[in-house]
Amino acid sequence: FRRVLFRSEVERSLQEEMRRPVQEGPHIQEVFPPAEALLARARQAADGAPGPDGWAGGEVEHWCLGIWETYLQLLHRWASRGKWPRSWQHMRQVHIRKDDNVYAGDAVPAKAMRPISVQSILVRIVGSAFVSQPEVREWVKSQVPTCCHGALAGRDVATAWSDLAEAIEQK
């Protein structure tokens, strides 16, 4: 079984998907994680690399609950204003070699490098805690077409194979 996809068919499918109305999600302030969740995520990020703001996971893992409660107040204030710290728009990028080959003149071609972008550790902690909220997970799952698999609970490689097997049996 092999299905050939034509560009026009793919474009039409994507256009249909883009016209699908987006459901209103939970209001961001209603699903902010509690300070305890931020503290727990900070402890999980203990080996997190520093971002452009200079804070590393090994530093913020030692912040007490009171600091995270204050930070949560700031998050609510920023959300109510609809304005976020400018530093959240910045990333630090490093490049790691993909191989151990020796190149002429010590110049490594771009195709032999793997770029890694690192945001602020605080953005990563808040983002991780935010998307772990059940309301957010359900909303995201409701927005992703059923044909998409990966990065969502219940939509992994096994479900992709199951969908393929079902399509084959129907042919």
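# A first look at this predicted model

Setting aside neighbours within four places in sequence, Val108 touches Arg97, Tyr103 and Met113, where a contact means heavy atoms within 4.5 Å. Residues are numbered from 1 along each chain as its sequence is written, and side-chain values use heavy atoms, leaving out hydrogens and water.

**The whole chain**

- The protein chain has seven helices and two strands; these are DSSP runs, with helices being H or I of at least four residues and strands E of at least two, numbered from the N terminus.
- Of the chain's 171 residues, 22% count as buried (under 20% relative accessible area; exposed is over 50% and partly exposed is in between, with a 1.4 Å probe and protein chains only).
- Among the chain's contacts with a separation of 6 or more, 63% are between residues 24 or more positions apart.

**Back to Val108**

- You'll find Val108 in the loop that links strand S1 (92-97) to strand S2 (113-118).
- Val108 is partly exposed, because its relative accessibility is 27%.
- Arg97, one of the residues that Val108 touches, sits eleven residues away along the chain, with 8.1 Å between the two C-alpha atoms.

**Helix H2 against helix H4**

- H2 (residues 35-44) and H4 (residues 65-81) cross at roughly 115 degrees, and their axes come within 8 Å; axes are lines fitted to C-alpha atoms, for helices over the stretch in contact, and angles run from 0 to 180 degrees between N-to-C directions.
- From H2, the contact takes in Ala35, Glu36, Leu38, Leu39 and Ala42, while H4 brings Leu65, Trp68, Glu69, Leu72 and Leu75.
- Sort the residues of this contact by class and you get eight nonpolar, no polar and two charged (nonpolar: Ala, Val, Leu, Ile, Met, Phe, Trp, Tyr, Cys and Pro; charged: Asp, Glu, Lys and Arg; polar: the others, Gly among them).

**Helix H2 against helix H5**

- H2 also packs with H5 (residues 121-131), at an angle of about 120 degrees and with the axes 9 Å apart.
- That angle makes H2 oblique to H5 (under 35 degrees is roughly parallel, over 145 roughly antiparallel, 65 to 115 roughly perpendicular and the rest oblique).
- H2 passes H5 in a right-handed crossing.
- Ala37, Leu38, Arg41 and Ala42 from H2 come up against Ile125, Val126, Ser128 and Ala129 from H5.
- The contact of H2 with H5 has six nonpolar residues, one polar and one charged.

**Helix H4 against helix H5**

- H4 and H5 pack at about 80 degrees, with 13 Å between their axes.
- That puts H4 roughly perpendicular to H5.
- Here Trp68, Tyr71 and Leu75 of H4 meet Leu122, Ile125 and Val126 of H5.
- By class, this contact has six nonpolar residues, with no polar and no charged ones.

**Aromatic rings**

- Search the whole structure and six aromatic pairs turn up; rings of Phe, Tyr and Trp (its six-membered ring) pair if their centres lie within 6.5 Å, and planes under 30 degrees apart are stacked, over 60 edge-to-face and the rest tilted.
- One of the pairs is Trp55 with Trp63, an edge-to-face arrangement at 5.1 Å centre to centre and 85 degrees between the planes.
- Trp55 is partly exposed at 36% relative accessible area, whereas Trp63 is buried at 15%.
- Tyr71 and Trp78 are also edge-to-face, at 6.0 Å centre to centre with 85 degrees between the planes.
- Tyr71 counts as buried at 9% relative accessible area, and Trp78 is buried too, at 17%.
- Both pairs belong to one aromatic cluster, made up of Trp55, Trp63, Trp68, Tyr71, Trp78, Trp84 and Trp88.

**Gln133, another loop residue**

- Gln133 is in the loop between H5 and helix H6 (134-143).
- Gln133 counts as buried because its relative accessibility is 15%.
- Not counting residues up to four places away in sequence, Gln133 is in contact with Val31, Pro33 and Pro34.

Key. Predicted model: local features only at pLDDT ≥ 70, side-chain atom pairs only at ≥ 80, totals over all residues. Left-handed = near helix turned anticlockwise from the far one by under 90°.
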